[in-house]
Amino acid sequence: MDMRVIDLFKIGVGPSSSHTVGPMLAARRFLVECEQLDTVTHVQVDLYGSLALTGLGHATDKAVLLGLLGETPKDVVPETMDAKIAQIAATKTITLLGTHAIPFSIADDVQWHMQESLLGHPNGLKFTATRSDGSVTSQIFYSTGGGFIQSEHELGHESSVAPIAKPYPFGSMAELLEHGEKSGLSIAAMMRANESVYAGEAELNAELDAIWSVMAQCIETGLTDQGILPGGLNVKRRAAKLWRTAQDSTASLPHDPIHKVSLYAMAVNEVNAAGGRVVTAPTNGAAGIIPAVLRYYSHDCQQINSVNGIRDFLLVASAVGMLCKKNASISGAEIGCQGEVGVACAMAAAGLTAALGGTNQQIETAAEIGIEHHLGMTCDPIGGLVQIPCIERNGMGAVKAITAASLALRSDGVHHVSLDQVIETMRQTGFDMQAKYKETSLGGLAVHVVTVNHAAC
């Protein structure tokens, strides 16, 4: 598959990869590809399906506006985003790609189609540009999860660009295991070899180290920041307070190491919920699990060469994530939270198993366990916010990942259900799941808990 590790682990901002990161990229791409941009006099944005239903809570409107300004998720400064949006609202003007100013009314020019979905994917958005001569250009994009976007033409069509040949191409875990049997290489080594067609060893190591650096900083930020999360639910940040309590040896509990792992994950997702800098892993809604398990590995597993272990962890985790995206989905709007937290758990379990010296078969076992015990998990965020149950759910997913790795490392790698089979089961389960349980906030916890009217917040 023509996908890189850095495609799966995107450095960006919260609170959502599909509802924030993807729309920001789509908005910017529309303008970059728009001909005669300097003659454009009007731009309209139409949001459909899940993007409309939970877009206010997921900051989709803000992300689109930032994208029209020319910002990218990787480079935008989180602390400046609200001021940029406020300026658009106050002046009723937007400067397209930072170069061409036109009149723009947020209330009129961003339309929410809550009763309508586009055919290609639940996360659909349409951009329309009108020029001074009256000509109109429109383009539809789909945000397919994890910050990936595709135009209407690209969705369901093979790319006209030939994929780069890799030494160990794979479209299933069975194929990857077969490569391992023939070559005698670990999954991490094969993934590194595949990455070598894009980058040299030093460059790849720098990319992997940068991913972990942002993840680690995100944990530290979440373990110190306090206050109320934005959005109107009045959810208090808890990770920092609980972390201080966890440092008190007089109040220690037998399960404190596992408790700390939960706090690492919650810390990341509180930063995400506040719109801070995070790494999509493989989505923002599930961004806390892999960093939490990585910190557990680097801090608590007492490994001599944790730097290389962290790199192997990310390489192997990405292999599992690629398979889930290719053969099922990592979009909560498409298959529920099993495709977000479930996939992140599987990725973390596989990565930890690899970092601790597990065999290729044990890695597959760990990943399979991680997904299997999230099958059927719905995506039902209260108020359309990535807060309840998302933050705690990441803590639980991180603990499950460690448990899955532990079970796998103590096994011989022989098991009844393959990773390929459980990924296909996840895909089919998501297909069978009612739409109200797939990131619409129309079912589950979202309708059984009283919330404020976020449109008025």
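In this predicted model, the protein is divided into domain 1, residues 19–143, and domain 2, residues 173–449. Taken over C-alpha atoms, the centres of the two domains are 30 Å apart. Domain 1 contributes 17 residues to the contact, and domain 2 contributes 17 residues. The size of an interface is often given as the accessible area lost when the parts come together. Between domain 1 and domain 2 about 1100 Å² is buried, and 55% of that area is on carbon and sulfur atoms. The number of salt bridges between domain 1 and domain 2 is 0.

A run of antiparallel strands comes next. Strand β6 covers residues 123–131 and strand β7 covers residues 136–145; the two pair in the antiparallel sense over 7 bridges. Within this pairing, L125 stands opposite F141 of β7. The two strands form a hairpin with 4 residues between them, and G134 in that turn has a positive phi of about 90°.

Strand β7 also pairs with strand β8, residues 148–151, running antiparallel to it and joined to it by 4 bridges. Here G145 stands opposite F148 of β8, and Y142 has Q150 in β8 as its bridge partner. This pair is again a hairpin, with 2 residues between β7 and β8; G146 in the turn has a positive phi of about 70°. In a regular strand the side chains alternate between the two faces of the sheet.

The loop between β6 and β7 holds S132. Is S132 buried or exposed? With a relative accessible area of 57%, S132 is exposed, because the cut-off for that class is over 50%. Not counting residues up to four places away in sequence, S132 touches T39 and T41. D38 is 94 residues away from S132 in sequence, and the two C-alpha atoms are 9.4 Å apart in space.

T93 belongs to strand β3, residues 93–96. Its relative accessible area of 29% makes T93 partly exposed. Leaving aside neighbours within four places in sequence, T93 is in contact with I88, A101, I102, P103 and F104. T93 and A435 are 342 residues apart along the chain, and 37 Å separate their C-alpha atoms.

Helix α17 spans residues 390–409. Its 20 residues reach 28 Å from the first C-alpha to the last, close to the 28 Å expected at 1.5 Å a residue. The buried residues of α17 include C390, I391, R393 and N394, as well as several alanines, among them A398, A401 and A408. What covers the buried residues of this helix? The cover includes α11 (256–273), α12 (289–300), α15 (341–355) and α16 (360–372).

Salt bridges are the last topic. Side chains of opposite charge can pair when their charged atoms come close. The count for the model comes to 11 salt bridges. One of them joins the side chains of R4 and E195, at 2.7 Å from N to O. R4 lies in the segment before α1 (5–8) and E195 in helix α8 (residues 187–195), so this pair ties together parts that are 191 residues apart in sequence. R4 counts as buried because its relative accessibility is 9%, and E195 counts as buried at 2%.

A second salt bridge links E71 and K84, whose closest N and O atoms are 3.3 Å apart. E71 sits in the loop between α4 (60–69) and α5 (81–91) and K84 in helix α5, so the parts tied together are 13 residues apart in sequence. E71 counts as buried at 18% relative accessibility, whereas K84 is partly exposed at 27%.

D209 forms a further salt bridge with R311, the closest N and O atoms being 2.8 Å apart. This pair links distant parts of the chain, with D209 in helix α9 (residues 201–222) and R311 in helix α13 (residues 306–327), 102 residues apart. D209 is partly exposed, with a relative accessible area of 30%, while R311 is buried at 14%. Through salt bridges that share partners, R4, E195 and E207 are joined into one network.

How values were computed: Residues numbered from 1 in each chain as written. Predicted model: local features only at pLDDT ≥ 70, side-chain atom pairs only at ≥ 80, totals over all residues. Heavy atoms only, no water. Pairing = 2+ DSSP bridges. Expected span 1.5 Å × (residues − 1). Buried < 20%, exposed > 50% of the residue type's maximum accessible area, 1.4 Å probe, protein only. Contact = heavy atoms within 4.5 Å. Domains from an automatic or database assignment. Buried area = accessible area lost by both parts, 1.4 Å probe. Salt bridge = Lys/Arg side-chain N within 4 Å of Asp/Glu carboxyl O.
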